[in-house]
Amino acid sequence: MHIRVINPNTTRAMTDTIGSAAKAVASPGTLITASQPSCGPVSIESHFDEAVSAVGVLEEVLAGERDGDGKGADAYIIACFGDPGLNAARELTRAPVIGIAEAAFHVASLISTRFSVVTTLPRTAIIAEHLLDSYGFSHSCRKVRAADIPVLELEDNPDLALQLIIEECLRAKREDNIGAIVLGCGGMADLTPQITEAVGLPIVEGVTAAVKLAEAVVGLGLGTSKFGDLAFPLPKPFSGSFARYSNLTLD
């Protein structure tokens, strides 16, 4: 099984962190390939960042579809908590495509009746709240909390970032009446053991959750439905810098 894990931002150190976390939980025989777009934002902390990064995600899926003599990857993971370009990516492949926020919410709901999310910045907390609404998990989430750290601090100042995340997780444990915590950033992928030990609650991290869900879906012989709105995009002309997508044929 080959799972392509896509970091939608362009920070190589974060791609390496995400890839290492994915490999650590992958089953024997599962190949993990971690990749990132060649251009785009260095971190994703706004709707604008997400919109720009979505094009890079789609490029990575198209590249993945050309891998292995055209066989493509068996599954794709979008390793940003905003799940940028998720449904557009699903249109490009028959393989399952899993966003780490959606994966984390599902897994947290299986092990607790109430959970909270701890993310990076207050503005990204609002984006996470929108995702909870659209995915149908608002009733399960008590609160979305922000540790108030920029995403790149996870790489540039990891000790301080970890401390602030743990402090926010402990506040969630004391105040939110929850059974689990979801970590709301792909850059936190390597922090689960330390946070679990410090907080004493189940800690759900989206990259690793998505890897195990991807293995399960592929193992069931399932893939993205090509009936309805996730069918392959209709071939058509594109203009300007997107002319390379003209008359795209994927089936």
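Visitor: Start at Asn247. Is it buried, exposed or partly exposed?
Guide: Asn247 counts as partly exposed, at 49% relative accessibility. Buried means under 20% relative accessible area, exposed over 50%, and partly exposed in between, with a 1.4 Å probe and protein chains only.

Visitor: What should I know about the model itself?
Guide: It is a predicted model: local features need pLDDT of at least 70, side-chain atom pairs count only at pLDDT 80 or more, and totals for chains, interfaces and linings use all residues. Residues are numbered from 1 along each chain as its sequence is written, and side-chain values use heavy atoms, leaving out hydrogens and water.

Visitor: Back to Asn247. What about its phi?
Guide: Phi of Asn247 is positive, about 55°, although the residue is not a glycine. Asn247 sits in the segment after H9. Helices (H or I, at least four residues) and strands (E, at least two) are DSSP runs, numbered from the N terminus.

Visitor: And Asp83, where is that?
Guide: Asp83 is in the loop between strand E3 (75-78) and helix H3 (86-91). Its phi is also positive, near 50°. Asp83 is buried, at 5% relative accessible area.

Visitor: New topic. How is the chain divided?
Guide: Into domain 1 (2-99 + 208-245) and domain 2 (101-206). The bounds come from an automatic or database domain assignment. Over C-alpha atoms, the two domain centres are 22 Å apart.

Visitor: How many residues are in contact between them?
Guide: 25 residues of domain 1 are in contact with 30 of domain 2. Contact means heavy atoms within 4.5 Å.

Visitor: How do H4 and H9 cross?
Guide: The axes of H4 (residues 100-111) and H9 (residues 206-219) come within 8 Å and cross at roughly 80°. H4 and H9 are therefore roughly perpendicular, a label for 65 to 115 degrees. Axes are lines fitted to C-alpha atoms, for helices over the stretch in contact, with angles from 0 to 180 degrees between N-to-C directions.

Visitor: Which residues make that contact?
Guide: Ile100, Ala103, Ala104 and Val107 of H4 meet Gly206, Val207, Ala209, Ala210 and Leu213 of H9.

Visitor: Last one: Lys226. Buried or exposed?
Guide: Lys226 counts as buried, at 14% relative accessibility. Leaving aside neighbours within four places in sequence, its contacts include Arg90, Glu91 and Phe232.

Methods: Angles under 35 degrees count as roughly parallel, over 145 as roughly antiparallel, 65 to 115 as roughly perpendicular and the rest as oblique.
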